[in-house]
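Trainee: I've got a protein model open and I'd like to learn how to read it. Can you walk me through it?

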Amino acid sequence: MSVSRLVAKSKVDGMVKQIQECPFHDVIVVVDNIEFPCHRFMLSACSDVFRAMFQSGMKEDLTRSVDLKGIDPDTFRLILDFIYLSKYILSIDNISRVWRAAHQLQMSSLLAIIFKFQMKRLSYVNRPSAEIYFDSKLLNSKQLMRKAMSNMAIRFNKLRLSEDILRLDVEEMKTLLSHKFFFPRSEDDVIEAILFWISNKPLALHLDEHKSPKSTDDPSQANSTNPLDTAVTVAGDRSEFLFELLAKSKILLVSSACSQNLLENNLVRRDPRALALVRESVRYHLQPGRRHDYCPLYGMIRQANEFTNVIFIISERLYICRRIDGKWCNMQPEYKKTPEPVFKYCQTFKARDREEPDKIEAEPEIVEEKETLTFKKPEKHETMEKEKVDEEESEEDEIEEQYLELDNTDEMEIETQLDCKAVTYENDIFWTGRTYGVFLARKYKAATNTWNQIAIPNIARHEPALVCFEHHLYLIGGANCELIERFDVETEQKAPGFGRWKNYGKLVVPMSNLTATTCGHLIVIFGSQADESSETVVQVFNPRILWTYIFRKDMPVSANNLVCFKHGEDTFALEGSGALWKVTVNSQLVLDIGFHLKLWDDQTLNLAGATVTNQELLIFINDQQVPKPRNVANFEHFQTLRFIESRGGFCFLNTIVHRLLVDF
């Protein structure tokens, strides 16, 4: 043992002997009628409260007696061991009462040790953090409160149905449900915890009538001389908070069974706002084709998930994602499925322009004929073709005639940009457009970051519209085309490669500059019969009875600068001038399009797309200068407007991708 340690030990031993045998004390501390002989010098050295008592001429200084309330005798003995013997007195069993005593006596050195002790406890995964949180709340240690709240969020699966969660007030529940470390096993568990909290009254805890201590972030500083008991929550009817908590959950991500159970819950049925939210969740599950239209806060994936929400943008053959924080990321999806044979021929055709003809074996001979390309098969292929039935031969000839148009490379690139349309179904993206002059359809799977080819539409189109309604894709019209094709997405999802396009209806008249959306059980198509027309024709297609009619011939907007977006059941059309039109349909399937409000003034923008994400209306534009938007803070569908450069994009979709693809 070193000399310094020997000296320290001898001093401590001497102090213990003096306390036990010598009557040199100068103050008596009374705790629950038990007297503790003490020394003012020692108490003042470690406690701001005792120092104030003995230096201010207070009664305790004059009578040399202190009647101490709010601390039990066993805890005060531990305090004296710390003061006189510098003894480490903390344990899991006594930490709460020692902490409160140290706070009451304003013992900064002991509070600093307690802070480190509690932080170390919180670093262990399986240690309870609720008790630490409530002690921290009571004693206003904000740093420990934040750490303990993080731990409760991480350990929510253990907390969710315990009595500890009942001690949280509504603001603490909101903080917990929206915490960045909150990662439940399923969103169904979150709903179960919310209903448990709503249905049960909090524990019968008590609070002294003394004022709450002044808050601080410094763990070593005490803040009040007022003693406190345990934390409180006032028992009462918590059902009034049901909507607020459901809105803080990710209710759109719960299971279908959970949504149905919520519809039947009496608490939900008594709250109109909560019931509307649950019905939206049910629609989200029943209508997976509408998820790309908007993404509210309660539909966004949690930060701890392996996937993340993005705006997926298709632009000039590139795939770009805009993250929720506004950062842009280039995507490089993989292609897992070989294109159709007709697409292979086009690749060979382009390769011939770059290589010598004699280096390409069995190259198809290309014959020019009235602005179309047809193929003359090599002899070795003719034998195989004879074995096919006549029907298959005619179908292949029809595809070649429709899809292989004589265009130069630059024109093909422009057509690809103009003809590309995309929608989502569940979390997959379905795309139609031209590649190497061929009109194709593909599916992007977010889970694997891959594009897979699906069946080719029956008719090659120029600038069609594409919508997803219920469980089908609808490819609508195009320049000089009035046909509507339907694709069974549900079949494709269950059995990849088995989905097929079928002719399903047609427009009353062909239109250009098409924009389509859904409203109720109808598909609404905006377009014009002349490219520069200042009026828009509105056609309505009912896919259930295969009926199309012209709703309006002279809507006073330009179809070539009109975009549509949705929010829940509500459908909107936005014009470049800032005019927002609301599209509604009643129970008799009668459509109405009415002017709703003006989002900006004094400037006409070149719109590329619009979508609602996280309470914001994101407007993608092809302009450099943006107007000053009007205040929409009180608008029920979104609270802010944000103008974003389109970056040449022509499809803007709410979807999810793997976090590793965009977190860099």
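Mentor: Let's start with the contacts, where contact means heavy atoms within 4.5 Å. In this chain, residues 24 or more positions apart account for 59% of the contacts with a separation of 6 or more. Keep in mind that this is a predicted model, where local features need pLDDT of at least 70, side-chain atom pairs count only at pLDDT 80 or more, and totals for chains, interfaces and linings use all residues. Residues are numbered from 1 along each chain as its sequence is written, and side-chain values use heavy atoms, with hydrogens and water left out.

Trainee: How many helices and strands does the chain have?

Mentor: There are 23 helices and 30 strands. Both are DSSP runs numbered from the N terminus: helices are H or I with at least four residues, strands are E with at least two.

Trainee: And what share of the residues counts as buried?

Mentor: Of the 664 residues, 50% count as buried. Buried means under 20% relative accessible area, exposed means over 50%, and partly exposed is in between, using a 1.4 Å probe and protein chains only.

Trainee: Now the helices. How do I describe two that pack together?

Mentor: Two packed helices are described by the angle between their axes and the distance between the axes. The axes are lines fitted to C-alpha atoms, for helices over the stretch in contact, and angles run from 0 to 180 degrees between N-to-C directions. Take helix 15 (residues 256-263) and helix 17 (residues 272-286): their axes come within 9 Å and cross at roughly 150 degrees. That makes helix 15 roughly antiparallel to helix 17, since angles under 35 degrees count as roughly parallel, over 145 as roughly antiparallel, 65 to 115 as roughly perpendicular and the rest as oblique.

Trainee: Is the crossing of helix 15 and helix 17 left-handed or right-handed?

Mentor: Helix 15 passes helix 17 in a left-handed crossing. A crossing is left-handed if the near helix is turned anticlockwise from the far one by less than a right angle, and right-handed if clockwise.

Trainee: Which residues meet there?

Mentor: On the helix 15 side you'll find Ser256, Ser259, Gln260, Leu262 and Leu263, and they meet Leu275, Val278, Arg279, Ser281, Val282 and His285 in helix 17. By class, this contact has 5 nonpolar, 5 polar and 1 charged residues. Ala, Val, Leu, Ile, Met, Phe, Trp, Tyr, Cys and Pro count as nonpolar, Asp, Glu, Lys and Arg as charged, and the others, Gly among them, as polar.

Trainee: Can we try another pair?

Mentor: The axes of helix 9 (residues 142-154) and helix 12 come within 9 Å and cross at roughly 65 degrees. Helix 9 passes helix 12 in a right-handed crossing. Met149, Met152 and Ala153 in helix 9 meet Glu172, Thr175 and Leu176 in helix 12, and the residues of this contact divide into 4 nonpolar, 1 polar and 1 charged.

Trainee: What else sits in helix 12 (residues 170-177)?

Mentor: Glu171 is one of its residues, and it is partly exposed, with a relative accessible area of 48%. Glu171 and Phe241 are 70 residues apart in sequence, yet their C-alpha atoms are 9.9 Å apart in space. Look also at Glu490 in helix 22 (residues 489-494). Glu490 and Tyr425 are 65 residues apart in sequence and 9.0 Å apart, C-alpha to C-alpha. Leaving out residues up to four places away in sequence, Glu490 touches Tyr425 and His471.

Trainee: What's a disulfide, and how many are there?

Mentor: A disulfide is a covalent bond between the sulfur atoms of two cysteines. Here the rule is a pair of cysteine sulfur atoms within 2.5 Å, and the count comes to 0 disulfides. Cys651, for example, is in no disulfide; its nearest cysteine sulfur, that of Cys420, is 4.0 Å away. Cys651 is buried, with a relative accessible area of 5%.

Trainee: Last one: what about phi?

Mentor: Most residues other than glycine have a negative phi. Ser86 has a positive one, near 50 degrees. Ser86 lies in the loop between helix 5 (73-85) and helix 6 (95-105) and counts as exposed at 61% relative accessibility. Glu470 is not a glycine either, and its phi is positive at about 55 degrees. Glu470 lies in the loop between strand 15 (465-469) and strand 16 (472-478), and at 28% relative accessibility it counts as partly exposed.
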